[in-house]
Protein chains: 2
Amino acid sequence: MAFSERVARLKSSLIREILAAAQRPEVMSFAGGLPAEPMLPKVDWSGMPAGISQYGMSEGEPELRERIAAEARLLGVPCEASQVLVVSGSQQTLDLASKLFIDPGTEILVEAPTYLAALQSFQLFGADCITVPQEADGPDLEALRERLQQHKPAFAYLIPTFQNPSAVRYSEAKRDAVATLLDEFNVTLIEDEPYRDLVFDAGSATPIVSRLKRASWIYTGTMSKTLLPGLRVGYLIATPDLFPHLLRLKQSADLHTNRIGQWQALQWLGTEQYHAHLAELRDFYRQRRDAMQAALEEHFSDLADWQVPQGGLFFWLTLKQPLDTRSLLQPAMAQNVAFMPGEPFFTEPDANPGYLRLNFSHVEPARLGEGLRRLAAVVREAQGSK
Amino acid sequence: MAFSERVARLKSSLIREILAAAQRPEVMSFAGGLPAEPMLPKVDWSGMPAGISQYGMSEGEPELRERIAAEARLLGVPCEASQVLVVSGSQQTLDLASKLFIDPGTEILVEAPTYLAALQSFQLFGADCITVPQEADGPDLEALRERLQQHKPAFAYLIPTFQNPSAVRYSEAKRDAVATLLDEFNVTLIEDEPYRDLVFDAGSATPIVSRLKRASWIYTGTMSKTLLPGLRVGYLIATPDLFPHLLRLKQSADLHTNRIGQWQALQWLGTEQYHAHLAELRDFYRQRRDAMQAALEEHFSDLADWQVPQGGLFFWLTLKQPLDTRSLLQPAMAQNVAFMPGEPFFTEPDANPGYLRLNFSHVEPARLGEGLRRLAAVVREAQGSK
């Protein structure tokens with residue numbers, strides 16, 4: 001069978017394989033990034049107009065695009081509804097951006113670590129990923145300047161607010177500095193913000209795209225983390241030089257995003273009800289984070305270092321004694337514990353051992369201690385046997 | 001701005017531009033392929049379980065996959081649920097197949113004419129399209145054998161049942177002959193069947209994939225033409241050598257298809273209620289086809305030749321005196337009439353003038369005569385002025 005050249009670069013999604021294995025009810029799963037089931041809001045479908053069932057516009061529903069643009073302007077993102085493209089979940093933004101920018105060998109710039117499924121999409125299209133180390137408050141600026149001097153990436157893909165997996169939120173200073181550098185070298189920014197609204201402290205920070213003066217940009221968000229993932233409704237907002245191409249790529253990919261999900265999203269986005277839901281969501285997740293922090297201190301303080309995440313869904317643990325955490329998967333699953341190894345979040349997995357991504361939203365607090373106790377024992381066992 | 005090489009091949013969808021222009025209520029549009037609004041069934045969302053809002057499996061909902069496989073087996077397609085991938089409308093099948101098979105310069109085989117949006121997807125990825133002329137009962141078999149002898153296409157993309165745009169349904173004999181040829185040359189078949197259920201006579205024919213003995217295949221269908229396009233739910237069924245790759249490409253494209261649409265599709269597919277709905281749909285469209293046939297005979301019998309379509313949504317007119325029908329668009333729109341020029345359905349549009357695709361499902365019979373009278377006048381005017 002003669003497949004395309006790109007199929008050789010097509011990797012299975014390790015995370016989805018782990019998630020599939022973690023479906024058994026007895027498994028305590030720290031692996032996924034799923035919203036907690038009890039916090040999925042009850043939704044009402046009764047008012048949906050029948051006409052919504054017909055084919056729709058590739059751009060998305062006009063009223064929803066207006067709402068998304070209005071919400072983005074509140075964050076300081078300068079945009080009109082005409083720059084909004086509703087997509088089938090923000091994963092599709094990565095697919096469309098890959099198609100727009102990447103030929104085999106095209107250089108792009110990503111954080112190290114970065115979002116696994118973004119790496120997969122970029123690499124599928126043949127990207128050569130230049131990486132910038134992630135620090136506690138954002139990227140290493142020296143390294144970023146050096147990379148931009150030595151390379152001409154087609155775009156920089158950044159997740160500045162509660163990055164998956166590292167939970168890092170860029171500081172105000174680094175946001176400004178990154179914007180200045182991207183403007184200076186005129187490099188397009190793709191800013192991915194699925195977790196912005198899942199914030200547990202008072203602080204946050206405006207998007208980097210709102211600080212750009214010259215560089216083109218794509219800003220992307222989703223309803224999957226705060227409303228309902230099953231809707232498959234996300235969006236991108238792009239500068240006018242990029243938008244028409246992204247729209248045509250969307251037409252070619254799936255004509256348009258499902259309209260029932262778009263209608264439901266419109267019932268929530270920007271409403272009082274939605275803000276109340278977000279407040280509940282933050283309280284719920286903050287409590288789960290705190291419970292996880294307490295359990296981690298009990299079981300992992302001698303094994304790993306971590307920052308307490310101020311948003312998002314994950315703890316990112318750095319083992320004091322690094323080992324390939326993929327080797328822990330099987331013994332952990334034997335103990336009915338699932339987690340996400342850190343290696344696949346790096347372009348060079350083998351060169352970056354010793355990280356674990358632990359989701360704190362899924363496992364109930366009552367089972368948390370037991371789950372982490374077992375996982376710590378698996379780590380200790382592996383380290384002892386080295 | 002440095003875009004990927006493929007962006008140079010990214011064409012706007014002429015049909016979607018025409019559709020956008022045809023939105024004005026005063027326009028009589030023969031351009032689209034939209035299901036008739038009055039025939040969109042009323043759907044009930046009240047029983048939908050809340051859990052459906054969570055992330056789902058990339059493969060699709062298990063129960064829906066079982067149902068799709070069962071329905072396909074009734075058509076003679078040998079398959080299990082494990083071979084079914086639910087996609088975000090069957091346009092996505094074209095995107096996934098393009099990714100799986102096409103590098104710049106990859107040869108593929110298509111009918112001439114063929115489905116516009118398929119051509120766009122294949123050409124975006126750089127396919128070199130080998131064409132086989134379409135005859136009244138299917139492809140020119142001599143030409144097909146010759147192409148397969150001289151080329152090694154990565155796949156053959158065929159629409160054997162009420163093709164969009166030509167309305168051709170392959171005869172039994174040609175279905176057998178095509179299957180034999182594809183087996184002989186071991187060429188993968190992608191069989192696209194959106195219109196199979198919209199049949200107006202007693203005859204139909206089993207899919208070509210059910211006749212293959214050796215070649216790999218992808219069979220693709222959709223709920224968009226018979227249930228609700230706005231759901232964006234379609235499916236593909238693939239041989240086991242292709243399926244795992246298509247699944248990973250689906251994960252990378254948008255994680256999974258929206259679950260609310262999948263749930264609704266499951267409420268219909270294979271049920272008594274669905275069969276009753278299909279029967280109504282066929283009656284409705286048959287009447288519209290008959291009204292269109294009568295109006296065409298009145299206004300176009302001296303201008304064009306055509307076959308009466310036995311299924312699908314379109315008449316395909318061959319002008320007796322060929323001209324570039326794209327040049328008719330503007331004068332027709334000035335008369336508030338929209339239609340679809342035939343040229344874009346060919347890989348070499350300029351070499352194939354003189355075809356019009358006319359949808360018969362959208363315009364109400366009361367306005368039909370007036371619309372076709374105006375369109376015929378536009379054709380006459382253009383031919384007279386040559």
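The model we are looking at is a predicted one. The buried residues of H8(B) are B:Arg259, B:Ile260, B:Gly261, B:Gln262, B:Trp263, B:Gln264 and B:Ala265. After H8(B) comes B:Gly270, with a positive phi near 80°.

Turning to chain A, helix H8 (residues 259-268) is mostly covered, with seven of its 10 residues buried. These are A:Arg259, A:Ile260, A:Gly261, A:Gln262, A:Trp263, A:Gln264 and A:Ala265. They pack against helix H2 (62-74) and strand S2 (84-87) of chain A, together with H8 of chain B. Just after H8(A), A:Gly270 has a positive phi of about 80°.

That brings me to the relation between the chains. Chain B is superposed on chain A by a rotation of 180° with 0.0 Å of shift along the axis, and the RMSD is 0.0 Å. The two copies are thus related as by a two-fold rotation axis. Which residue of chain B comes closest to the rotation axis? That residue is B:Trp45, whose C-alpha lies at 3.2 Å.

Next, the contact itself. Chain A contributes 58 residues and chain B contributes 59 residues. On the side of chain B that touches chain A, the elements giving two or more residues are helix H3 (90-101), helix H4 (116-124), helix H7 (243-254) and helix H8 (259-268) of chain B. H7(B) gives the most to this side, with seven residues. By class, the side of chain B that touches chain A holds 24 nonpolar, 22 polar and 13 charged residues. Why can we say that the copies meet through the same surface? Of the interface residues of chain B, 98% are also interface residues in chain A, so the surface is the same in the two copies.

One helix pair across the contact deserves a description. Helix H3 (residues 90-101) of chain A packs with H7(B) at an angle of about 100°, and their axes are 5 Å apart. H3(A) and H7(B) are therefore roughly perpendicular to each other. On H3(A), the contact is made by A:Gln91, A:Gln92 and A:Asp95, and on H7(B) by B:Ser252, B:Ala253 and B:Asp254. The residues of this contact of H3(A) with H7(B) divide into one nonpolar, three polar and two charged.

Let me step back to chain A as a whole. Chain A has 11 helices and 14 strands. Its C-alpha atoms fill a box of roughly 60 × 55 × 55 Å along the principal axes. A compact globule of 386 residues would have a radius of gyration near 21 Å, and the 21 Å of chain A agrees with that. Of the 386 residues of chain A, 53% count as buried. Among contacts in chain A with a separation of 6 or more, 75% come from residues 24 or more positions apart.

I will close with some local backbone features. Most residues other than glycine have a negative phi, and most peptide bonds are trans. Against that background, A:Phe162 has a positive phi near 60° and is not a glycine. A:Phe162 lies in the loop between strand S6 (155-158) and helix H6 (172-185) of chain A, and it counts as buried, with 26 C-beta neighbours inside 10 Å. A:Asn186, also not a glycine, has a positive phi of about 50°. Its place is the loop between H6 and strand S7 (188-192) of chain A. Is A:Asn186 buried or exposed? A:Asn186 is exposed, with 12 other C-beta atoms within 10 Å.

In chain B, a cis peptide bond joins B:Ala112 and B:Pro113, with omega about 5°. B:Pro113 is in the loop between strand S3 (107-112) and H4 of chain B. A cis peptide bond also joins B:Asn164 and B:Pro165, with omega about 25°. B:Pro165 sits in the loop between strand S6 (155-158) and helix H6 (172-185) of chain B.

Finally, B:Glu193 lies in the loop between strand S7 (188-192) and strand S8 (217-222) of chain B. B:Glu193 is buried, with 24 other C-beta atoms within 10 Å. Leaving aside residues up to four places away in sequence, B:Glu193 touches B:Thr161, B:Pro207, B:Tyr219, B:Thr220 and B:Gly221. B:Glu193 and B:Phe162 are 31 residues apart in sequence, with their C-alpha atoms 8.3 Å apart in space.

Conventions. Residues numbered from 1 in each chain as written. Chains lettered and ligands numbered in written order. Predicted model: local features only at pLDDT ≥ 70, side-chain atom pairs only at ≥ 80, totals over all residues. Contact = placed C-beta atoms within 7 Å. Helix = DSSP H or I, 4+ residues; strand = E, 2+ residues; numbered from the N terminus. Nonpolar A, V, L, I, M, F, W, Y, C, P; charged D, E, K, R; others polar. Least-squares fit on C-alpha atoms with pLDDT ≥ 70 in both. Rg over C-alpha atoms; globule rule 2.2 N^0.38 Å. Buried ≥ 20, exposed ≤ 12 C-beta atoms within 10 Å, placed from the backbone. Axes fitted to C-alpha atoms, helices over the stretch in contact; angles between N-to-C directions. Parallel < 35°, antiparallel > 145°, perpendicular 65-115°, else oblique.
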